Amino acid sequence: RNRADIMGVLIDKGNLEDALKRCVAFLGTQKCNIVITPNTEIVMEAQKDLALFKTINEADLVIPDGIGLIYASKIRGKGLEERVTGVDLMHKILKHCNDHKKSIYILGGKPGVAEAACKNIKEKFSMIGIKGFRDGYFKTEDEMKIIENINACKPDILFLALGAPKQELWMGKYKEKLQVKLVMGVGGSVDIWAG
Ligand code: UDP
């Protein structure tokens with residue numbers, strides 16, 4: 001695994017295709033793989049938030065979803081060549097899910113947003129299994145119930161759209177409990193899919 005160190009935050013080198021390959025490999029494992037899509041703001045935030053810092057550096061794939069990270073890398077000669085966005089990677093993953101009959105669950109967004117996103121995803125990629133969705137405005141005491149529901153739905157992938165860094169911290173907190181192959185923080189991408 002070849003990673004660039006940007007202010008202590010380790011980011012995977014490679015392009016969109018490399019990232020997709022890693023994600024496809026994750027779908028063949030028996031663990032919960034974490035995919036994080038930081039921009040410069042998150043890297044800065046991680047400087048003062050140890051839980052966020054640890055979650056990123058322990059993640060299975062960290063893509064540079066911010067042109068600022070590419071500039072920082074170029075100035076410091078760290079070897080990040082190009083921006084890889086969460087929106088693009090999510091799209092590639094969805095296409096893979098369609099071609100290989102994999103399934104997803106979307107957690108996040110305002111009420112109705114995840115549902116609308118699922119509907120539009122299913123329209124474009126009819127072979128994807130939509131195992132469930134839920135909005136991202138819940139109480140902390142409901143979180144275990146939400147995780148139980150996700151696990152009962154048995155999706156291959158969980159897309160989390162709680163905004164950064166909330167979604168990253170959430171993944172870090174619950175990665176041992178989530179029975180999915182891949183969890184990816186997708187932020188506003190779910191709003192884009194909802195249209
Ligand atoms: N969001 C959520 N729960 C929250 C906070 C945010 O579900 O407690 C959702 C919000 O509705 C939006 C998504 O997270 O759909 C991304 O939020 P934002 O644009 O703030 O984050 P970014 O895309 O910049 O990470």
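## Core, backbone and ligand shell of a predicted model

V183 touches C32, I34, V35, L158, L160, M171 and L178, leaving aside residues up to four places away in sequence, where contact requires the C-beta atoms of two residues, placed from the backbone, to lie within 7 Å. The structure is a predicted model, in which local features need pLDDT of at least 70 and side-chain atom pairs count only at pLDDT 80 or more, while totals for chains, interfaces and linings use all residues. Residues are numbered from 1 along each chain as its sequence is written.

V183 also belongs, with I106, L158, F159, L160 and V190, to the residues that touch the most other members of the largest nonpolar core, which holds 57 residues. Such a core is a set of buried Ala, Val, Leu, Ile, Met, Phe, Trp, Tyr and Cys residues joined through C-beta atoms within 7 Å. A residue is buried if 20 or more other C-beta atoms lie within 10 Å of its own, exposed if 12 or fewer, and partly exposed in between, with C-beta atoms placed from the backbone. Of the 195 residues of the protein, 43% count as buried.

The protein has nine helices and eight strands, taken as DSSP runs (H or I, at least four residues, for helices; E, at least two, for strands) numbered from the N terminus. Its radius of gyration is 16 Å, close to the 16 Å that the globule rule gives for 195 residues, so the protein is as compact as a globular protein of that length; the radius is taken over C-alpha atoms, and the rule is 2.2 Å times the number of residues to the power 0.38. Residues 24 or more positions apart account for 74% of the contacts with a separation of 6 or more.

Most residues other than glycine have a negative phi, and most peptide bonds are trans.

| Residue | Phi | Loop |
|---|---|---|
| M7 | about 55 degrees | between β1 (3-6) and β2 (9-12) |

A cis peptide bond, with omega about 5 degrees, joins A164 and P165, and P165 sits in the loop between β7 (157-161) and α8 (166-174).

Around the ligand there are 15 residues, of which G109, G136, G163, G187 and G188 are the closest; a residue counts as near if its C-beta atom, placed from the backbone, lies within 6 Å of the molecule.
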